[in-house]
Amino acid sequence: MAALQNKIDFALVFTVRHANPNGDPLNGNRPRTDYEGLGEVSDVCLKRKIRNRLQDTNEAIFVQSDDRRSDEFRGLKERFNARENIKKTKDREEQAKLACETWLDVRAFGQVFAFGKKKDGENAVSIGIRGPVSIHSAYSQNPVDVTSIQITKSVNLETNKEDPDKKATDTMGMKHQVDYGVYVTYGSINCQLAERTGFSQEDADKIKEALRTLFINDSSSARPDGSMEVVKLIWWEHNCPSGQYSSTKVHRSVQVTDLGRGTLPEVSVDNLEDLSPEILNGE
């Protein structure tokens, strides 16, 4: 496949209703917020969801979530070493090339393969790959209200032998959710890096579809089906490798107005000469 020829920018608008889009483990798994109270979904979380969607379409993914593995390997090193053609190659550039050819997320987001061992008293050099697809953390348009609910389990983890009817302390817990929020994230695909990893137009189309359908098969207790919805995906394809405009100017052309709970946000895009976006509705 030929590498991507023209730069791509994109913006994704989605809503959250009574869900925890991205819990913070350092804050009791409460939804992430910044110092101004704006809701946040980290770029790492968004990449995880993109990888999951690509796996759903049977794409080869290197960084797999343990509960969604499509192979028998529990760790990255085992998955890497299972590819004999990559493991046996001594040339680092050839290893990087083969890794990019094997796994879509490697040629899209890049990867650091730090699996080398010390040899002759020196540290083996890791393989670092820079990917062409970059994505920002998503932030809500307005400060979000976070509701915390105390929950209880119907049974104890272990039975109290002295008093079987007594409830243990582990039956109590907390559940946190964002009542409502409109989130926006931005990203781009760089042609120079795409040439190095072999990322193609076909790969870009797969990323686009993954973004448009981002929350399919993503439901959980914290994110019930229907609680998170892609509203719009705005996709710009430039006519040259470096882009007709900077990513900053392209992303700034998007205007999102939060009209409140129960109403979809209003999304508009300022006109940029000779650069018209494709505007897609979510699944």
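Mentor: Before we start, a residue counts as buried when its relative accessible area is under 20%. Keep in mind, too, that we are looking at a predicted model.

Trainee: Thanks! How many aromatic pairs does the structure hold?

Mentor: A pair of aromatic rings is described by the distance of the centres and the angle of the planes. Counted over this structure, the number of aromatic pairs is six.

Trainee: Is the pair of Phe 10 and Trp 235 stacked or edge-to-face?

Mentor: The ring centres of Phe 10 and Trp 235 are 5.6 Å apart, and the planes meet at 15 degrees. Planes under 30 degrees apart count as stacked. Therefore the pair of Phe 10 and Trp 235 is stacked.

Trainee: How many residues apart are Phe 10 and Trp 235?

Mentor: Phe 10 sits in strand S1 (residues 8–19), while Trp 235 belongs to strand S11 (residues 228–237). The pair thus links distant parts of the chain, and the separation is 225 residues.

Trainee: Is Phe 10 buried or exposed?

Mentor: Its relative accessibility is 1%. With the cut-off at under 20%, Phe 10 counts as buried.

Trainee: Which strands hold Phe 14 and Tyr 183?

Mentor: The rings of Phe 14 and Tyr 183 are stacked, because their centres lie 5.4 Å apart with planes at 5 degrees. Phe 14 is buried at 0% relative accessibility, and Tyr 183 is buried with a relative accessible area of 0%. This pair ties together parts 169 residues apart in sequence, and the strands are S1 for Phe 14 and S10 (residues 172–189) for Tyr 183.

Technical notes. Residues are numbered from 1 along each chain as its sequence is written. This is a predicted model: local features need pLDDT of at least 70, side-chain atom pairs count only at pLDDT 80 or more; totals for chains, interfaces and linings use all residues. Side-chain values use heavy atoms; hydrogens and water are left out. Rings of Phe, Tyr and Trp (its six-membered ring) pair if their centres lie within 6.5 Å; planes under 30 degrees apart count as stacked, over 60 as edge-to-face and the rest as tilted. Helices (H or I, at least four residues) and strands (E, at least two) are DSSP runs, numbered from the N terminus. Buried means under 20% relative accessible area, exposed over 50%, partly exposed in between (1.4 Å probe, protein chains only).
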